Amino acid sequence: AGELSVYAFVDGSFNIATGVYGYGGFLMHDGVRYELSGNGSDKEMASMRNVAGEILGSMAAVKKAIELGLKDISIFYDYAGIKAWAVGEWKRNKKGTIEYYNYITSVRDSINIRFVKVRGHSGVEGNEEADRLAKRAVGLC
């Protein structure tokens, strides 16, 4: 199995009209695709807009990988904070970013997470798909 045997694409979205944030994406493992999607409307989280969805998407991918008993995952993302908050490069001063960092830190011993940055809306198929799923999760399409 190559280093890309387990990977996920995640993205976040925000519906300004409803105040709902959410995420979309998928995890690929041995040719099987697991769809990831969810949303929320917690006021404090919603103040982060799509960023709330981005970090929830990253957490959802890690949770799914652990649930499947996997030891490695590569997470493809387009928002810099996904890696920066997870590894402690950025200061965490909002509930969502603190919870994200704490969660990633708590699972470091059970799974190896590689963060891979891609340019958003640049024709990367996995990223475009995650973007579509994130928009659907917040009722934008």
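This is a predicted model: local features need pLDDT of at least 70, side-chain atom pairs count only at pLDDT 80 or more; totals for chains, interfaces and linings use all residues.
A polar contact is a pair of N or O atoms within 3.5 Å, one able to donate a hydrogen and the other to accept it. Beyond its neighbours within four places in sequence, Glu-129 is in contact with Phe-26 and Arg-33.

Helix H5, which covers residues 125–137, also holds Asp-131. The side chain of Asp-131 has a polar contact of its own, reaching the side chain of Lys-135 at 2.8 Å. Asp-131 is buried as well, with 11% relative accessible area. When residues up to four places away in sequence are set aside, Asp-131 touches Asp-11 and His-121.

The first of these partners leads to another part of the model. Asp-11 sits in strand S1, which spans residues 6–15, and is buried at a relative accessible area of 2%. Leaving out residues up to four places away in sequence, the contacts of Asp-11 include Asn-127, Ala-130, Asp-131 and Ala-134. Thr-105, by comparison, is 94 residues from Asp-11 in sequence, and their C-alpha atoms are 21 Å apart in space.

Attention now turns to a pair of helices. Helix H2 (residues 50–67) packs with helix H4 (residues 95–107) at an angle of about 20°, and their axes are 10 Å apart. Angles under 35 degrees count as roughly parallel, so this description applies to H2 and H4. The crossing of H2 past H4 is left-handed. On the H2 side, the contact is made by Ile-55, Ser-58, Met-59, Val-62, Lys-63 and Ile-66, while H4 contributes Gly-96, Thr-97, Tyr-100, Tyr-103, Ile-104 and Val-107. Sorted by class, the contact has eight nonpolar, three polar and one charged residues.

Among the H2 residues in this contact is Lys-63. Lys-63 is partly exposed, with a relative accessible area of 41%. From Lys-63 to Ile-111 the distance is 9.9 Å, C-alpha to C-alpha, although 48 residues separate the two in sequence.

Most residues other than glycine have a negative phi. Asp-30, however, has a positive phi, near 50°. Asp-30 lies in the loop that links strand S2 (20–29) and strand S3 (32–40), and it counts as exposed because its relative accessibility is 60%, where the cut-off is over 50%. Arg-49 likewise has a positive phi, near 55°, and is a residue other than glycine. The loop that holds Arg-49 lies between helix H1 (43–46) and H2. With 40% relative accessible area, Arg-49 is partly exposed.

Note on methods: Residues are numbered from 1 along each chain as its sequence is written. Side-chain values use heavy atoms; hydrogens and water are left out. Helices (H or I, at least four residues) and strands (E, at least two) are DSSP runs, numbered from the N terminus. Buried means under 20% relative accessible area, exposed over 50%, partly exposed in between (1.4 Å probe, protein chains only). Contact means heavy atoms within 4.5 Å. Axes are lines fitted to C-alpha atoms, for helices over the stretch in contact, and angles run from 0 to 180 degrees between N-to-C directions. Angles under 35 degrees count as roughly parallel, over 145 as roughly antiparallel, 65 to 115 as roughly perpendicular and the rest as oblique. A crossing is left-handed if the near helix is turned anticlockwise from the far one by less than a right angle, and right-handed if clockwise. Ala, Val, Leu, Ile, Met, Phe, Trp, Tyr, Cys and Pro count as nonpolar, Asp, Glu, Lys and Arg as charged, and the others, Gly among them, as polar.
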